[in-house]
Amino acid sequence: MRTVPSGGARHGFELYFVCQNVEGLNPGTYHYLPMEHRIEFLNPIEKVSDILASSLCDQLWALKANVIFYFSYIPYRTEWRYGHLAHRIALVDLGHVGENIYLASTSIGLGTCGIGACVTRICDEMFELEGENEFIIYAQPIGKVNKEDFVKEKSFYEFVEKEGL
């Protein structure tokens with residue numbers, strides 16, 4: 001009943017997001033409800049760029065995205081079943097989720113980039129999480145890639161390939 005696999009069908013993650021400049025959605029924080037396949041509006045954000053910059057360790061390039069997904073982890077969902085292996089299962093599951101977002105984004109002409117450098121405390125506050133039984137672990141901005149950024153990225157990877165790095 002979900003779009004990604006999960007070890008033991010535990011689905012230890014929740015999806016929250018911040019949107020800006022999205023037709024039909026107010027700028028602010030949202031939570032995805034997978035069993036109902038709908039989103040719930042949590043809170044408006046007045047200065048979206050300020051909170052996003054702080055939450056993503058000042059990676060200002062990510063502020064260009066219209067939507068930034070934030071994934072929380074709920075340890076209990078995997079720990080009760082897998083014990084000390086739970087975190088391994090969770091990381092593999094998060095890889096499945098991230099890759100599906102890469103594939104979906106690319107298929108509709110958008111760009112994305114997985115980000116592990118999140119300020120957990122700021123992210124947790126943004127989505128009103130208490131930070132122990134549920135906390136933000138990963139982010140993924142999604143948006144249009146402008147031509148200039150695409151050329152820079154392509155040039156970088158050509159250099160990496162040429163140099164055998």
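Rings of Phe, Tyr and Trp (its six-membered ring) count as a pair if their centres lie within 6.5 Å. The views below come from a predicted model.

**View 1. Ring pairs join six named residues into a cluster: Phe-17, Tyr-30, Phe-41, Phe-69, Phe-71 and Tyr-138.** Aromatic pairs number nine in the structure. One of them, Phe-17 with Tyr-30, is shown in the next view.

**View 2. Phe-17 and Tyr-30 form a stacked aromatic pair.** A pair of aromatic rings is described by the distance of the centres and the angle of the planes. Planes under 30 degrees apart count as stacked. Phe-17 sits in strand E1 (residues 13–19). Tyr-30 sits in strand E2 (residues 28–33). The pair therefore ties together parts 13 residues apart in sequence.

View 3. Buried means under 20% relative accessible area.

**View 4. Tyr-70 and Phe-127 form a tilted pair.** Their ring centres lie 5.2 Å apart, with the planes at 55°. The pair links distant parts of the chain, 57 residues apart. Tyr-70 belongs to strand E4 (residues 67–73). Phe-127 lies in the loop between helix H4 (120–126) and strand E6 (135–143).

**View 5. Tyr-70 is buried, and Phe-127 is buried.** Relative accessibility is 0% for Tyr-70. For Phe-127, the relative accessible area is 4%.

Methods: Residues numbered from 1 in each chain as written. Predicted model: local features only at pLDDT ≥ 70, side-chain atom pairs only at ≥ 80, totals over all residues. Heavy atoms only, no water. Phe/Tyr/Trp six-rings, centres within 6.5 Å; stacked < 30°, edge-to-face > 60°. Helix = DSSP H or I, 4+ residues; strand = E, 2+ residues; numbered from the N terminus. Buried < 20%, exposed > 50% of the residue type's maximum accessible area, 1.4 Å probe, protein only.
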